[in-house]
Amino acid sequence: KKSPRPMTFKKDFSIKGEIEQARIYSTALGIYELELNGRKVGDEYFAPGYTSYKNQLQYQMYDITEYLQKQNLLMVIVGGGWAVGSYTYKRMNRIYAKRQAFLGEIHIRYKDGSHEIIGTDETWKVTEEGNFLEAEFYDGEVYDATVKLENSSFHNAGIEKMKIEPQLLVQYGSPVKAHEQFEPVSCELSPSGMLIYDFGQNMAGVIEADIQGRAGEKIVFYHAEVLLNGELYTKPLRSAKQQAVYICKEGSQQYSPRMTYMGFRYVGVSGISADKIKLKATALYSDISKNGSFSCSEPMLNKLQDCIEWSAKSNFVDIPTDCPQRDERLGWTGDIALFASTAAYNFDMSRFFDKWLKDMRAEQNPGGGIPMIIPMVKIPGQLEMLFPLAVDHWGDACILVPWAEYMARGDIELLRKMYPSMKKYIKACKFWAGLFSAQKKKRIWSLLFHYGDWCAPDMTYKEWMKRGKWTGTACLAHSSAILSEIAGILGEKEDEEVYRKLSLETAQAYRNILMNENCHIKGGDFQTGFVLPLHYNMLFEKDKKRAAANLVKLIRDNNYNIKTGFPGTPYVLFALADNGYLEDAYKMLLTDTCPSWLYEVKAGATTMWERWDALREDGSCNLGEDNGSGGMVSFNHYANGAVGDFFYRRILGIEAVEGGYRRFRIAPLPGGGLDFAKGDVNTPYGYIRCSWIIEDGGFKLTAEIPAGTQCEIVLPSGRSFTEGSGSYCYEEKIG
């Protein structure tokens with residue numbers, strides 16, 4: 001279970017003349033950093049990034065012209081990372097390779113026209129006696145500043161024979177970089193005597209320490225998301241230590257981990273007094289740019305928007321992870337399938353998604369199944385993790401993620417690339433639905449494995465999964481409908497009709513077999529069971545009214561507390577607002593008792609939680625130990641933040657009608673006592689800006705529409721206008 005010790009490679013080389021340009025091309029099995037003549041090369045973390053290593057491996061290119069001297073020393077630190085280090089909650093080791101390996105070429109072009117290449121070979125030196133004694137993503141890092149590399153025992157490197165043969169591709173993903181930096185908002189001495197720093201924001205990142213130290217002094221940095229009784233609460237980390245250990249040299253020095261990252265708000269420090277150390281925290285996430293903004297008159301909703309954005313940042317660390325802290329950090333498909341649309345409003349996800357979807361295409365099995373984690377890792381003891389299956393909402397990431405990205409950016413080539421994978425996946429879903437079934441029941445998808453109403457409150461793991469028949473069938477209807485639309489966009493007219501018919505048949509099966517004559521759920525009503533067919537437009541008008549009435553009764557009887565799991569949560573407010581129950585949608589959104597979105601905000605959350613009651617109202621933590629989910633609780637898990645879609649699409653009212661917003665709608669639905677809302681969305685045509693305000697018995701909407709687009713503006717009264725580019729203002733009386 002222990003990760004291999006980091007390797008330090010070195011190469012001495014001299015320059016033969018005046019340089020015109022010098023570059024290094026490099027990659028590794030593991031994660032690597034370059035230092036040339038004592039200077040770090042590049043500004044990213046965890047190169048070469050995490051890909052489906054058996055299929056493709058990224059390499060980086062760095063311009064090193066300004067780094068070079070007459071005599072040069074290149075140092076390369078290679079940690080285990082994802083490829084070789086301890087990974088997955090089973091703490092598997094050396095998944096892709098037996099040990100770390102580095103590959104590089106230095107290309108030097110001289111002013112006299114000559115060219116020199118210095119490649120990795122057996123003249124390079126390597127040692128495991130460098131400054132990095134330990135490094136992995138879960139346990140952290142141990143760094144000994146007293147180690148002098150010139151005294152370490154180096155030997156000639158060997159040629160590594162790899163068991164995989166990936167295609168080498170120049171970096172095409174968004175590299176992980178340092179972003180916001182935080183000063184501590186407080187530093188307290190805990191009851192146990194540990195210094196505890198609060199940075200005021202839960203994040204994925206690393207500490208940066210300025211230290212006045214003595215040679216050999218050992219400082220330990222502990223990381224946690226929450227405090228309990230004044231101490232760091234680390235039980236949710238499971239087997240992950242999340243520690244950085246620094247062994248000081250003499251005097252003034254700086255330290256920040258480079259071969260790992262942590263999920264934390266609080267940092268505990270032992271081994272040094274507060275007057276000898278100054279601490280900061282730096283957020284690490286992929287280099288994605290901000291794409292949209294939302295704010296309104298309710299401060300709690302603005303805080304919730306911050307939570308949504310920070311959970312996204314914390315989990316976009318080269319791949320879309322589930323959480324940034326415990327012994328997991330895997331590319332779960334279900335989380336991002338449901339969050340992709342919200343992500344695409346808030347950030348430009350194009351490069352990030354394109355990389356991850358490339359891995360998805362490579363990992364899809366011949367029968368169409370999509371692994372539940374991408375890149376795929378076969379986890380022993382779990383059948384569903386050994387062979388990629390069709391699993392509702394999780395596997396549907398192959399459709400929902402590219403569709404969200406297409407609607408945001410209008411990239412038809414992404415749809416074209418993903419189309420074969422989508423078709424294979426729906427074929428697999430259809431197969432499992434029809435296996436051992438006949439007639440109308442052949443569209444009810446109950447086999448083989450489903451997560452069901454995952455993470456619905458007050459239920460056990462097995463109870464979530466028992467709802468798989470409903471979530472699976474609804475998902476098949478929905479994804480088939482989207483695939484029909486995609487087929488139409490791509491000019492695949494025959495497929496368009498095939499998938500439209502499949503969607504209709506599946507929707508009818510849900511209505512006729514899984515619901516009774518009054519549109520109640522057979523076996524017992526539950527929120528997600530109504531939300532999905534309502535939002536997925538699976539019901540005819542009369543049945544929509546019945547199902548919506550049944551849903552709103554459940555919600556009112558439950559005091560507007562949420563009872564949905566991952567599949568229903570993104571859509572529950574839409575199911576209400578779009579079916580005549582707008583004020584009920586707002587009441588649910590603004591409820592602040594557990595379980596609810598604003599309960600988390602009221603409890604002090606700065607990111608979204610995995611469980612609605614991760615912190616119970618009595619102050620205790622819900623580890624899920626009594627429901628069979630194995631101590632599963634995270635305070636930084638973006639899935640339930642998919643409610644952010646409602647902020648943009650209904651409160652603000654901005655919604656694409658055509659991919660890339662060439663045609664779009666602004667149709668705000670004010671309610672809940674909100675006085676105003678404002679925001680913007682960056683599109684391929686420029687920014688859409690929108691704001692509305694209610695004052696003196698009137699509603700006023702202002703909008704900016706970019707050139708080359710067409711917008712339908714719909715006011716709360718129902719009056720509509722079609723406009724081209726320009727700035728517009730509309731007013732009407734309300735009430």
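**Entry 1. Val 681**

Helices (H or I, at least four residues) and strands (E, at least two) are DSSP runs, numbered from the N terminus. I noted that the model is predicted, that local features need pLDDT of at least 70 and side-chain atom pairs pLDDT 80 or more, while totals for chains, interfaces and linings use all residues. Residues are numbered from 1 along each chain as its sequence is written, and side-chain values use heavy atoms, with hydrogens and water left out.

Is Val 681 buried or exposed? I found Val 681 buried, with a relative accessible area of 1%; buried means under 20%, exposed over 50% and partly exposed in between, for a 1.4 Å probe and protein chains only. Leaving aside residues up to four places away in sequence, I listed what Val 681 touches: Asn 291, Gly 292, Tyr 345, Tyr 648, Ile 654, Tyr 661, Gly 686, Tyr 687 and Ile 688. Contact here means heavy atoms within 4.5 Å. I also recorded 9.5 Å between the C-alpha atoms of Val 681 and Lys 290, which lie 391 residues apart along the chain.

**Entry 2. Helix H16**

Tyr 648, one of the residues touched by Val 681, is also among the buried residues of H16. I found 9 of the 9 residues of H16 (residues 644-652) buried, so the helix is largely enclosed by the rest of the structure. Just after H16, Gly 653 has a positive phi of about 95°.

**Entry 3. Helix H6 and its partners**

I then examined H6 (residues 397-409) against H7 (residues 412-434), and recorded an angle of about 160° with the axes 9 Å apart. Axes are lines fitted to C-alpha atoms, for helices over the stretch in contact, and angles run from 0 to 180 degrees between N-to-C directions. H6 is therefore roughly antiparallel to H7; under 35 degrees counts as roughly parallel, over 145 as roughly antiparallel, 65 to 115 as roughly perpendicular and the rest as oblique. The H6 residues in this contact include Pro 402 and Glu 405, and those of H7 include Met 418 and Tyr 425. By class, I noted 12 nonpolar, 1 polar and 1 charged. Ala, Val, Leu, Ile, Met, Phe, Trp, Tyr, Cys and Pro count as nonpolar, Asp, Glu, Lys and Arg as charged, and the others, Gly among them, as polar.

How does H6 pack with H9, and what is the angle? I read about 50° between H6 and H9 (residues 468-489), with the axes 11 Å apart, which makes H6 oblique to H9. Ile 399, Leu 400, Trp 403 and Tyr 406 in H6 meet residues of H9 that include His 478, Ile 482 and Glu 485. This contact of H6 with H9 has 7 nonpolar, 2 polar and 1 charged residues.

**Entry 4. Helices H3 and H4**

For H3 (residues 333-346) and H4 (residues 350-363) I recorded an angle of about 150° and axes 13 Å apart. H3 is thus roughly antiparallel to H4. Thr 333, Ile 336, Ala 340 and Ala 343 in H3 meet Phe 353, Trp 356 and Met 360 in H4. I counted these contact residues as 6 nonpolar, 1 polar and no charged.

**Entry 5. Helix H12**

Last, I took H12 (residues 541-557), whose buried residues include Asp 543, Lys 544 and Leu 551. The buried residues of H12 pack against H10 (493-513), H11 (527-535), H13 (572-577) and H14 (582-590). Asn 559 follows H12 with a positive phi near 55°.
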